[in-house]
Amino acid sequence: MMRRVLTSVAAAVALTSGAAANAAMHATKEFEEGATRPRSIAFLPPQASLIKKKVIQTEQQIEKSGELADYLGAGVEAAFKAQGYDVRVLMPSDVSADPELQELVLDASRRYAEMLTQVRMRLPRQIAKRRYEAGDEMRVLASKLGVDAVGFAEIQVFAAAAGASAVSILTGFGSAGSSTLISVSVIDGKTSNIEAFFVPPVMRRGSLAGYDAIMADPAGKIAELTEATLRDLPQVDAAARSSSDEESDEDVLSDVEELLEN
Amino acid sequence: MTRKAPIRLPVRLLATAALVSLVAGASAEGVYEPVPLKDKEHRLIEESQELNGYFARQSLLYTDPRVVGLVESVGRSLAPPPTDDYIDYRFFVLRDPSPNAFALPNGDIYMHTGMLARLTDTAQLAAILAHEINHVAGHHSIVNFRSANKKIVASMVLTGVFGGIGSIISTGLSASMYGFSRELEQEADDHAVPLMIASPYDAHALPEIYDILARDYEGITPRIPTIWSTHPQLEARAARTREQVAGAPSGRRDTAEFDDVVYSVRTMTIRDYIQDDYPRTAVALATSLAARYPEQPEPLQLTGDAWSAMGPLTEIDEEELSNRERMRNANRRLSRTRQERAAQLLETPEGQAALRANLGRAREAYERALILDANYAPAHRGLGEVAEKLDEPRAAAAAYVEYLRKAPDAGDRAVVVARLRTLRDRLRTEETSNDATSTD
């Protein structure tokens with residue numbers, strides 16, 4: 001009996017420390033302190049993938065994925081609004097209506113995809129070290145959108161048939177069961193770094209909602225997942241973020257011209 | 001008490017090896033007669049239609065009417081009458097810099113912008129479309145889908161491997177985009193030969209496309225291998241089709257018309273390669289464009305941008321690179337960020353020398369662009385960046401100011417103004433320091 005109690009205590013301690021070590025938010029120090037925390041943020045159209053893995057094929061639910069992306073966008077918008085941010089989520093139609101914006105969004109999305117691969121390979125903890133810099137593409141996009149930061153949100157839902165699970169286990173390829181991956185990034189329009197990256201903590205990842213649960217109540221379940229992912233999002237801190245808005249572009253140009261004349 | 005033995009690695013490997021060997025032994029041929037769909041195959045057609053909607057929603061369809069019109073008119077002139085009611089030949093241009101084209105079972109054929117940008121004339125465009133049309137006409141997606149053994153491995157291997165578009169397609173369509181079996185690809189090549197010979201276009205363009213696509217400017221294995229970008233098959237396919245078209249008469253090329261229509265695709269693709277950190281490819285394409293349009297400043301500016309993006313990278317001789325080196329280069333791209341790779345190269349004398357040489361070439365290209373048109377603003381911006389990288393703050397500030405004076409509504413105005421703020425602080429510090437020195 002004593003052994004069982006000790007085992008339970010040890011397991012609880014392990015779970016607690018594990019959850020702490022795998023926080024939902026990975027952020028730079030400046031974001032945590034407020035200096036690079038945005039007041040306004042625009043999310044590019046959220047991405048959703050819904051993949052049914054069967055024994056001999058995978059079946060992509062493209063139309064259904066669009067619906068999930070909308071729910072993800074709504075969840076992200078609600079979570080940021082609740083913390084006082086000025087947030088908007090771009091719809092695909094917003095992007096396609098403006099050719100210049102379309103180009104910028106495509107460039108920024110490719111750049112983000114490149115970074116996300118590295119984030120996933122090299123652990124999100126490296127975000128604190130400002131390892132992931134998205135270049136001028138993100139600065140120009142933030143400027144065009146008139147926001148402090150650009151956001152990305154993504155959800156992947158995998159459903160596996162029992163047979164597919166067995167084959168996956170046998171061969172070691174792919175994930176065995178139903179799982180859900182979600183991530184949200186905040187990229188600053190000035191530093192162009194990923195300032196904050198949110199994923200559900202490891203202990204809860206994939207177990208929050210499987211394919212069946214999401215399909216039974218997509219709006220409710222995705223809202224719940226998004227809330228869990230963004231649980232550590234701090235409140236907006238307008239005072240902490242420095243602003244150089246008082247100085248116009250023309251002032252800067254004139255100053256430089258004067259300096260060059262000397 | 002007994003413990004269950006875990007599944008050991010050798011068992012997994014054996015299982016995989018067994019499946020792979022089954023696939024290796026599988027072969028299939030296309031069917032050029034009507035092929036009624038079985039139950040699950042209807043889903044392939046639905047997915048093909050959904051994909052088009054997905055591409056449109058994601059703004060991935062390139063919609064310039066002249067470019068799409070050219071691809072459509074060439075494609076329609078080659079396509080045979082559909083054999084089934086689920087096939088309707090439609091031609092699209094997909095906004096993607098990678099050199100690829102693919103056909104879906106419902107007859108939708110997609111040409112990447114990165115593929116168009118590399119072609120030199122309409123006959124080469126026809127050659128690629130002829131190949132893709134035969135994937136549809138031969139029902140290759142359906143044939144592939146019915147090859148169950150292949151599907152087992154593909155579903156396990158492909159899931160989670162591909163990023164971008166690859167991550168949103170199912171196993172049933174993945175072969176359409178990333179290449180069918182060698183037999184089906186060869187069959188599409190072989191059927192493209194009579195289609196090209198019967199067309200007004202020059203059939204000798206067929207082997208040329210493989211020569212063009214075999215170029216690996218970056219010295220890496222492709223980011224996403226496709227049947228249009230995989231070594232060494234391309235060399236073998238070029239040799240085979242060269243023999244097949246040897247006796248064919250010459251046909252239409254329409255080089256000038258093609259150049260005119262795809263100019264915007266070429267410039268966009270060069271910019272895409274620069275932004276995606278494929279600067280050697282960008283240099284090659286921009287240099288070629290500048291040679292085609294010696295009187296226009298934009299190709300020279302893009303050449304400058306491409307050399308500037310090279311940073312400390314050295315030029316490479318593709319022929320001398322081993323497969324191992326290509327793999328190592330590709331792995332480095334995944335494991336290290338752009339900034340880390342550049343910083344590492346800059347620690348070496350070769351990297352420092354390469355940076356100076358590349359920036360020198362960039363500056364020369366920008367200056368040549370300004371000789372053609374002194375008011376061409378993007379060249380001033382490029383000169384500013386070169387000067388900034390060479391630690392010449394006065395020259396950088398002067399070039400950036402010139403840029404913003406000439407292009408006050410530039411989309412990157414905020415970015416350039418931010419750089420000018422930093423340069424202003426630096427110039428002020430230098431001025432103060434100079435004043436102090438002269439007072440002393």
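## A three-stranded sheet in chain B

In this predicted model, chain B holds an open sheet of three strands, ordered β1-β3-β2, with mixed pairing. Strands here are DSSP runs of E with at least two residues, helices are runs of H or I with at least four, and both are numbered from the N terminus. Two strands count as paired if DSSP finds at least two bridges between them. β1 (90–94) and β2 (101–103) of chain B are the edge strands. Each has a single partner strand, so one side of each lacks a neighbour in the sheet. On average, neighbouring strands are turned by 15 degrees against each other, direction ignored.

β2(B) pairs with β3 (residues 108–112) of chain B in the antiparallel sense, over three bridges. Within β3(B), Met111(B) stands opposite Ala101(B).

## Helices on the sheet

Helix α3 (residues 65–78) of chain B packs on this sheet. It touches β1 and β3 of chain B, and its direction makes about 140 degrees with that of β1(B). Angles are taken between N-to-C directions and run from 0 to 180 degrees; axes are lines fitted to C-alpha atoms, for helices over the stretch in contact. Contact means that the C-beta atoms of two residues, placed from the backbone, lie within 7 Å. Helix α5 (residues 122–137) of chain B lies across β2 and β3 of chain B. It runs at about 25 degrees to β2(B).

## A helix pair

Helices α14 (residues 297–310) and α17 (residues 349–372) of chain B have axes that come within 8 Å. They cross at roughly 165 degrees. α14(B) and α17(B) are therefore roughly antiparallel, a label for angles over 145 degrees; under 35 is roughly parallel, 65 to 115 roughly perpendicular, and the rest oblique. Their crossing is left-handed: the near helix is turned anticlockwise from the far one by less than a right angle, whereas clockwise would be right-handed.

Residues of α14(B) in the contact include Pro297(B), Leu300(B) and Trp307(B). From α17(B), those taking part include Leu359(B), Ala362(B) and Tyr366(B). The contact residues divide into 10 nonpolar, five polar and two charged. Nonpolar covers Ala, Val, Leu, Ile, Met, Phe, Trp, Tyr, Cys and Pro; charged covers Asp, Glu, Lys and Arg; the others, Gly among them, are polar.

## Chain B as a whole

Chain B has 20 helices and three strands. Of its 440 residues, 46% are buried. A residue is buried with 20 or more other C-beta atoms within 10 Å of its own, exposed with 12 or fewer, and partly exposed in between; C-beta atoms are placed from the backbone. Take the contacts in chain B between residues at least 6 apart in sequence: 71% join residues at least 24 apart.

## Individual residues

Ala377(B) sits in helix α18 (residues 377–389) of chain B. It has 19 C-beta neighbours inside 10 Å, so it counts as partly exposed. Leaving out residues up to four places away in sequence, Ala377(B) touches Tyr403(B), Lys406(B) and Ala407(B).

Most residues other than glycine have a negative phi. Asp277(B) has a positive phi, near 70 degrees. It lies in the loop between α12 (255–275) and α13 (279–292) of chain B. Asp277(B) is buried, with 20 other C-beta atoms within 10 Å. In chain A, Arg130(A) has a positive phi near 60 degrees. Its loop joins α5 (99–122) and α6 (136–145) of chain A. Arg130(A) is partly exposed, with 16 other C-beta atoms within 10 Å.

## Conventions

Residues are numbered from 1 along each chain as its sequence is written, and chains are lettered from A and ligands numbered from 1 in the order in which they are written. Local features need pLDDT of at least 70 and side-chain atom pairs count only at pLDDT 80 or more, while totals for chains, interfaces and linings use all residues.
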